Amino acid sequence: MPHVSETIPDALQPQVESALAWFNASAEAAEESFQVTGILDAEQTLNGSGELQLILCGGDRCEQRSFKVSPTGQSWAVEFTDSARKSLDAKPQAELDPPPGPRRRWLEDKLSQHAFVVLLFYRGFW
């Protein structure tokens, strides 16, 4: 089972920022501005697994995406990993749901537009 952390290790911060910028510029972002809300198995990445697994939230959606980030001079080359494509077919795990922080702004925005908002939680998924 993957270990999810909200804290990005300092050693991975440059790779995470590069992956986020690359994802936000890609067609996969669908012109939304995403932010990193978590990382999966950071210790494996630090130990050289070559796969950076992030939880990205933007707009009304959050997704778990896997990247291969390689150094190229003073910058980073970023691409999706093969396991990222396989994980799209897999059933998501409740543990991979993002922390509540990204939804706070969304909820505040919706409450300012409506008299009330109904939230539905089902078996750990939102």
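A disulfide is a pair of cysteine sulfur atoms within 2.5 Å. Keep that in mind for the first exercise, and remember throughout that this is a predicted model.

**Exercise 1: The disulfide**

Find how many disulfides the whole structure has, and work out the handedness of the one formed by C57 and C62.

*Solution.* 
- Start with the search: across the whole structure, one disulfide turns up.
- Next, check the distance. The sulfur atoms of C57 and C62 sit 2.1 Å apart, and the cut-off is 2.5 Å, so the two cysteines qualify.
- Finally, ask how covered C57 is. Its relative accessible area is 3%, so C57 is buried, given that buried means under 20%.

**Exercise 2: The overall layout**

Describe the order of helices and strands along the protein chain, and say what share of its residues is buried.

*Solution.* 
- Count the elements: the chain has four helices and five strands.
- Of the 126 residues, 33% are buried.
- The accessible area is about 8400 Å², and carbon and sulfur atoms account for 51% of that.
- Last, see how far the contacts reach. Take the contacts between residues at least 6 apart in sequence: 53% of them join residues at least 24 apart.

**Exercise 3: Helix 1 and its buried face**

Check whether the span of helix 1 agrees with 1.5 Å a residue, then work out how its buried residues are arranged around the axis.

*Solution.* 
- Helix 1 covers residues 13-25, which makes 13 residues.
- The expected span is 1.5 Å times one less than the number of residues, so helix 1 should span 18 Å. Its end C-alpha atoms are 18 Å apart, which agrees.
- List the buried residues of helix 1: Q15, V16, A19, L20 and F23.
- Look down the axis of helix 1. These buried residues fall within an arc of 130°, so they line one face of the helix.
- What does the buried set of helix 1 pack against? The partners are strand 2 (35-40), strand 3 (52-58), strand 4 (61-72) and strand 5 (75-80).

**Exercise 4: Rings around F80**

Classify the F23–F80 pair and the F67–F80 pair, and say where in the chain the partners sit.

*Solution.* 
- The structure holds six aromatic pairs. We'll take two of them.
- For F23 and F80, the ring centres are 6.3 Å apart and the planes stand at 85°, so this pair is edge-to-face. The cut-off for that label is over 60 degrees.
- The F23–F80 pair links distant parts of the chain, with F23 in helix 1 and F80 in strand 5, 57 residues apart.
- How covered are these two? F23 is buried at 0% relative accessible area, and F80 is buried at 17%.
- For F67 and F80, the centres are 5.5 Å apart and the planes are at 20°, so that pair is stacked.
- F67 lies in strand 4 and F80 in strand 5, so the pair ties together parts 13 residues apart in sequence. F67 is buried too, like F80.
- Zoom out: W22, F23, F34, F67 and F80 form one aromatic cluster.

Note on methods. Residues numbered from 1 in each chain as written. Predicted model: local features only at pLDDT ≥ 70, side-chain atom pairs only at ≥ 80, totals over all residues. Heavy atoms only, no water. Helix = DSSP H or I, 4+ residues; strand = E, 2+ residues; numbered from the N terminus. Buried < 20%, exposed > 50% of the residue type's maximum accessible area, 1.4 Å probe, protein only. Arc of directions from axis to C-beta. Contact = heavy atoms within 4.5 Å. Areas by Shrake-Rupley, 256 points an atom, 1.4 Å probe, with all protein chains shown as cover. Phe/Tyr/Trp six-rings, centres within 6.5 Å; stacked < 30°, edge-to-face > 60°.
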